[in-house]
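Here is a short briefing for you to read alongside the model. Please keep the viewer open as you go through the points.

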Amino acid sequence: MAELEAGTARRARPLSPHLQIYKPTLTMLMSIAHRITGAALYFGMALVAWWLIAAASGPNAYAGFEAFTGSIVGRIILFGYTWALMHHLLGGIRHLIWDTLHGFEPADREMLALSTIVGSVALTLVLWVIAYFAMGGLR
C-alpha cells in the first residue's frame, strides 16, 4: 500500500513476442541457419589457416595436416565446413535478391528458403564427388 501512495507502483510493461508465440517458419529457420553457418565459417578459418601454414612449412607439417583431414573425423569436419560455406553463400544470394526488392511475397520467400537448403546440399555433394574423382576415385 505504501508503494502505491509513494507513486512507485510497477506498471505492466508490454512483452516482446518470443518463440513461444511465433510458429517457426522455414524462413525463420534459414535466418538462424545463416547465422550459425557464418559462425562455423569463422571458426573453420582456423582449418584453412592450418592448411596454408602446413603447406608453407614443409612436407612433415603438411603430412600432419593430411593425416587429420584423411581421418573420418577430419572428413566429417571438412564436409560440414563445405556445407556451411555453400549454405552461407546461397543465403547471401537470397539476401542479395531481397536487396533488389524482389522475393518478398510469402510463396517467393518459401521458395528461396527451400532453394537454399536443396542447393546447399546439392552443391556440397557435387563438389565432393568432383573432388573424389579428381583425387583418383577408386584406386
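This is a predicted model: local features need pLDDT of at least 70, side-chain atom pairs count only at pLDDT 80 or more; totals for chains, interfaces and linings use all residues.

Phe104 counts as partly exposed, at 44% relative accessibility, where partly exposed lies between buried (under 20% relative accessible area) and exposed (over 50%), using a 1.4 Å probe and protein chains only. Residues are numbered from 1 along each chain as its sequence is written, and side-chain values use heavy atoms, with hydrogens and water left out.

**Aromatic pairs**

- Searching the whole structure turns up seven aromatic pairs; rings of Phe, Tyr and Trp (its six-membered ring) pair if their centres lie within 6.5 Å, and planes under 30 degrees apart count as stacked, over 60 as edge-to-face and the rest as tilted.
- One of these is the pair of Trp50 and Phe68, which is tilted because the ring centres are 5.3 Å apart and the planes meet at 45°.
- Trp50 sits in helix 2 and Phe68 in helix 3, so their pair ties together parts that are 18 residues apart in sequence.
- Both residues of this pair are partly exposed: Trp50 at 34% relative accessibility, and Phe68 with a relative accessible area of 26%.
- Trp98 and Phe104 make a stacked pair, with 6.1 Å from centre to centre and 20° between the planes.
- Trp50, Tyr62, Phe65 and Phe68 come together as one aromatic cluster.

**Overall make-up**

- The protein has five helices and zero strands; helices (H or I, at least four residues) and strands (E, at least two) are DSSP runs, numbered from the N terminus.
- Of the 139 residues in the protein, 22% are buried.
- Among contacts between residues at least 6 apart in sequence, 67% join residues at least 24 apart; contact means heavy atoms within 4.5 Å.
- The accessible surface is about 10,600 Å², and 71% of this belongs to carbon and sulfur atoms; the areas come from the Shrake-Rupley method with a 1.4 Å probe, and for residues only the protein chains shown count as cover.

**Helix 2 against helix 3**

- Helix 2 and helix 3 (residues 59–70) pack at an angle of about 145°, their axes being 7 Å apart; axes are lines fitted to C-alpha atoms, for helices over the stretch in contact, and angles run from 0 to 180 degrees between N-to-C directions.
- On the helix 2 side the contact includes Leu47, Trp50 and Trp51, and on the helix 3 side it includes Tyr62, Phe65 and Phe68.
- By class, this contact has nine nonpolar, two polar and no charged residues; Ala, Val, Leu, Ile, Met, Phe, Trp, Tyr, Cys and Pro count as nonpolar, Asp, Glu, Lys and Arg as charged, and the others, Gly among them, as polar.

- Helix 5 (residues 106–134) has 29 residues and spans 41 Å from first C-alpha to last, close to the 42 Å expected (1.5 Å times one less than its number of residues).
- Its buried residues include Leu112, Thr116 and Gly119, and helix 2 (26–57) and helix 4 (72–99) are among what covers the buried residues of helix 5.
- Gly136, which follows helix 5, has a positive phi near 115°.
- Leu101 lies in the loop between helix 4 and helix 5 and is exposed, with a relative accessible area of 69%.
- Although Leu101 is not a glycine, its phi is positive, about 65°. Most residues other than glycine have a negative phi.
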